[in-house]
Each structure stands twice: as C-alpha cells, then as structure tokens.
Amino acid sequence: MEQNNADGNLAQVRHVVLVLSGKGGVGKSTITTELALALRQAGKKVGILDVDLCGPSIPRMLGVGRPDVHQCDSGWVPVYTDAQKSLALMSIGFLLDDPDEAVVWRGPKKTALIAQFVSDVAWGELDVLLVDTPPGTSDEHLAVLENLKKHRVDGAILVTTPQAVSTGDVRREITFCKKTGVRILGIVENMSGFVCPHCSECSNIFSKGGGEELAKLTGSVFLGAVPLDPLLSSSIEEGKDFTQSFPDSATFSAISSITQTLLDSLQA
C-alpha cells in the first residue's frame, strides 16, 4: 500500500478501527482490550489509542499501570505490553497528572488535547490500530474523527448490550457513523448471557439477541456475542491476558471468531 508523507505517525499503520458505543457501561474498553489481545495472538502487530478522557481504563486492563511516557523526535513513544513489542498502548490516562482527579475541562481544551494525542504518537509499523473512544456522540468523537480522517479510518465497531435501552443508543451511533461517513464494520453484543463458573452454562440475564436484531434492522454485520464471564472479568481486573489463560473457553472462542471476521472485513 502506498503511503502519503502527510500520514506522519500513522504512515505505517495499515488499518485504523474505531470502537464506539452509544452509552457508557457496555464494556467497550473490555472489547477493545480483548480484540487487541486476540489480534496479537493471531500474529498481528496491534496498537490501542485510549482516548476516553473521563475513564481511561485500558492501562489497568493490560497491567501496565502508570508508566513514564517518553518522547522521541516524532512524538510520544507508546508503551509496549510485551518484550516483542507486538502490542503498543497510548492512553490519555498516562498524560493526566493525578489519576484520581476528575477531568473538568470545556470542549475546546478537550478537543485540542485529542487533536495532539491522535497525531503525536510514534506508532511505527502496526497491522491494526484500535481507537477506544468516549461513550456517546459528542464533540470529542468529532475531534477524534476529524484528526484521524486526515489520514485514514477503515471503519467502526459498535458495542452494545442486549437490552433495548442499549440498542436504542447504539442506533444513534449508527446514525452518527452515516452522517460522518464512517464505515460500520459490525456490531458486537457484549454481556450476552452469564457463564456459570461452575458448570459453564450460559444464562440470559439481560435478554439476548438485541445486537443481532439491530444489525439486521440497520443492514450492519453482526460480528458476534460475548457473554458475561467471571474468568474474563477477573483477568481484566488483574491485568492478565485472558486469551492465553483460557484458550479453551467458549468466551475465548467468541472473541476469536469476532476477531477473524473483523480481519476478513478489513482485508476485503
């Protein structure tokens, strides 16, 4: 693929994928993290850009804490989660002085930081860059999009939970994508049932199928469903790699299937 010098720090990034949700609490950061780990396990070099100003949780999920962020000639150097440098992370949380402080900023200050953040990370060569965005369709979304689209955005993954209250918010996110010209790569239904840690039976606590139904109604691809799994929850809390720890679980199988469908869509 020919690269444009104007791409700057994204020149060697093959694919850029936004992870969006219409509301908070649907597990968007969890899906971003697990997709990144599954992509790495599939042999890809992956980056995560965590732009969630008010809740940058991915550093904890990947067990990297609050490392010092260094700069090189071309910008900030991402934090690598492994010795092979196959998974790179840059989180807005690394740049905030106090992790316990609320970010009480007006729009222009947020927009300026996001603009700098998107353009000033020296990613190097990546197969996929996943961008974890704030919930909703605010000016922060527009700031991310405007700055990324100077380079290239392959599309967006939308995360929902099964209930109608969540799928209704994601429907607005679909409208946002259409208005801003972002291709919808597919919908993921998260918290789709609860996996019993003792017998592995999956019970539908929040109902089931809302994400798949929404995909049909809007003509979008349904990427798959990920259940509420205590093993996944504990892995995230402890900053461990679920894909390596539980490769035989049904939850890992679901994440792997979603990842492969995403890869096929990006290469199509």
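Predicted model: local features only at pLDDT ≥ 70, side-chain atom pairs only at ≥ 80, totals over all residues.
1. The largest nonpolar core comprises 72 residues. Those with the most contacts inside this core are Leu18, Leu49, Trp123, Val131 and Leu158.

2. Leaving aside residues up to four places away in sequence, Trp123 touches Asn9, Leu10, Val13, Gly47, Ile48, Leu49, Pro78, Tyr80, Ala88, Leu89, Met90 and Leu129.

3. Strand 2 covers residues 46-50, and five of its five residues are buried. In a regular strand, side chains alternate between the two faces of the sheet. For strand 2, Val46, Ile48 and Asp50 lie on one side, with Gly47 and Leu49 on the other, and both faces are covered. Asp50 is therefore a buried residue, being under the 20% limit of relative accessible area.

4. Strand 2 pairs with two strands. With strand 6 (residues 87-91) the pairing is parallel and has five bridges; there, Asp50 is opposite Ser91. With strand 7 (residues 126-132) strand 2 also runs parallel, again over five bridges, and Val46 has Val128 as its bridge partner.

5. Most residues other than glycine have a negative phi. Lys85, which is not a glycine, has a positive phi of about 55°. Lys85 sits in the loop between strand 5 (79-80) and strand 6. Its relative accessible area is 46%, so Lys85 counts as partly exposed.

How values were computed:
Residues numbered from 1 in each chain as written. Heavy atoms only, no water. Core = buried A, V, L, I, M, F, W, Y, C linked by side-chain atoms within 4.5 Å. Buried < 20%, exposed > 50% of the residue type's maximum accessible area, 1.4 Å probe, protein only. Contact = heavy atoms within 4.5 Å. Helix = DSSP H or I, 4+ residues; strand = E, 2+ residues; numbered from the N terminus. Pairing = 2+ DSSP bridges.
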